[in-house]
Amino acid sequence: MLKKTVLCVSVLALAGIGAALAQQPPAGIKRTPLQTIAFPEGYNTVTGLAELAPGTKAGRHTHPGVETGYVLEGELVLSIDGQPDKTLKAGESYQIPAGAVHDAAVHGDKPMKVLGVYVVDKTKPLASPAPAK
């Protein structure tokens, strides 16, 4: 009985994170949830992959916690409000402060893939859209 309960809770948690990561992604974006851990207390640590086709932007948004990531393939231009744009390529990492409005755009003619880790307030959505500039 305990195994069934744990399995059910795990499936529901993964489905919820999957829905959060996949909320209305623009064309050319594939998001794959990998793992969610209820840690530290009051937060969820979420790991996922984002794949963007050439010419694609993620769209301006925020997170209710910090984001850190690692570029696995391709190149991207990371725009964080109040900071100069950064061009990142495979093998480089980035950090985005909690609540910072940001966007990522594929740089060049090859797809881009990043591994993102979010430590976010568990009572809030993983991401929220931000107004256009």
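Me: Which residues does leucine 52 touch, not counting residues up to four places away in sequence?
Reply: This is a predicted model, in which local features need pLDDT of at least 70, side-chain atom pairs count only at pLDDT 80 or more, and totals for chains, interfaces and linings use all residues. Residues are numbered from 1 along each chain as its sequence is written, and side-chain values use heavy atoms, with hydrogens and water left out. With contact taken as heavy atoms within 4.5 Å, leucine 52 touches Gly28, Ile29, Lys57, Ala58, Ala104, Val106, Pro111 and Met112.

Me: In the largest nonpolar core, which residues touch the most other members?
Reply: A nonpolar core is a set of buried Ala, Val, Leu, Ile, Met, Phe, Trp, Tyr and Cys residues joined through side-chain atoms within 4.5 Å, where buried means under 20% relative accessible area with a 1.4 Å probe, protein chains only. The largest such core has 16 residues, and those that touch the most other members are Leu52, Leu76, Leu78 and Val114.

Me: Which strand supplies the largest share of this core?
Reply: Strands are DSSP runs of E with at least two residues, and helices are runs of H or I with at least four, numbered from the N terminus. At least two core residues each come from β2, β5, β7, β8 and β9 (112-121). The largest share, three residues, is that of β5.

Me: With which strand does β5 pair over five bridges?
Reply: Two strands count as paired if DSSP finds at least two bridges between them. Strand β5 (residues 75-80) runs antiparallel to strand β6 (residues 86-89), to which four bridges join it, and leucine 76 there stands opposite leucine 88. Valine 77, by contrast, has alanine 105 as its bridge partner, and the strand that pairs with β5 over five bridges, also in the antiparallel sense, is β8 (residues 102-106).

Me: Which residue takes a positive phi in the hairpin of β5 and β6?
Reply: Five residues lie between the two strands of this hairpin. The positive phi, near 85 degrees, belongs to glycine 82.

Me: What is the order of the strands in the open sheet of five strands?
Reply: The edge strands are β1 (29-37) and β7 (93-96), each of which pairs on one side only. Eight bridges join β1 to the antiparallel strand β2 (residues 43-52), with arginine 31 opposite alanine 50. The pairing in this open sheet is antiparallel, and the order is β1-β2-β9-β4-β7.

Note on methods
Buried means under 20% relative accessible area, exposed over 50%, partly exposed in between (1.4 Å probe, protein chains only).
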